[in-house]
Amino acid sequence: MYAIVRTGGKQYQVATGDTLRVEKLNGEVGDTVELSDVLLVADGENIRVGTPAVEGAKVVAKIVEQGKSKKVLVFKKKKRKGYRVLRGHRQLFTALSIQEIM
């Protein structure tokens, strides 16, 4: 059984027991989160597709980690002008462990 869930502007295919990193969600490590924006639920040959979301479907996940990803360096330069800018960015993320698909 798997589901396709939308969170943080992205879509993820999840199954029970999976661990995935999503955009930062509010909550502490160990808290339970319900993802209610479920686009598709597949259970063997039975597939339910939402328009846009499946009514009554939800995915229950547990927060495993709150953190920052690796640094991404953004370098800008204009040749022959002496213009150089180096910026760094670390994106916040939440690691989720999928407990149940309903």
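Beyond its neighbours within four places in sequence, which residues is histidine 89 in contact with? The close-ups below, all taken from a predicted model, start with that residue.

View 1. Leaving aside neighbours within four places in sequence, histidine 89 is in contact with Lys70, Lys71 and Val72. Histidine 89 and lysine 71 are 18 residues apart in sequence, yet their C-alpha atoms are 5.5 Å apart in space. The side chain of histidine 89 also makes a polar contact of 2.9 Å with that of glutamine 91. With a relative accessibility of 44%, histidine 89 counts as partly exposed.

**View 2. Serine 97 in strand E10.** Here we visit a buried residue, at 16% relative accessibility. Apart from neighbours within four places in sequence, serine 97 is in contact with Asp18, Thr19, Ala61, Lys62 and Val64.

**View 3. The salt bridge between arginine 6 and aspartate 37.** This is one of three salt bridges in the structure, with an N to O distance of 2.9 Å. The pair links distant parts of the chain, 31 residues apart: arginine 6 sits in strand E1, and aspartate 37 in the loop between strands E4 and E5. Arginine 6 is partly exposed at 32%, as is aspartate 37 at 24%.

**View 4. The salt bridge between lysine 10 and glutamate 23.** The side chains meet at 2.8 Å, N to O. Because lysine 10 lies in strand E2 and glutamate 23 in strand E3, the pair ties together parts that are 13 residues apart in sequence.

**View 5. The salt bridge between glutamate 34 and lysine 58.** The N to O distance is 3.2 Å. Glutamate 34 belongs to strand E4 and lysine 58 to the loop between strands E6 and E7, so this pair ties together parts 24 residues apart in sequence.

Methods:
Residues are numbered from 1 along each chain as its sequence is written. This is a predicted model: local features need pLDDT of at least 70, side-chain atom pairs count only at pLDDT 80 or more; totals for chains, interfaces and linings use all residues. Side-chain values use heavy atoms; hydrogens and water are left out. Helices (H or I, at least four residues) and strands (E, at least two) are DSSP runs, numbered from the N terminus. Buried means under 20% relative accessible area, exposed over 50%, partly exposed in between (1.4 Å probe, protein chains only). Contact means heavy atoms within 4.5 Å. A polar contact is a pair of N or O atoms within 3.5 Å; within protein, one must be able to donate a hydrogen and the other to accept it, and residues adjacent in sequence count only if both atoms are side-chain atoms. A salt bridge is a side-chain nitrogen of Lys or Arg within 4 Å of a carboxyl oxygen of Asp or Glu.
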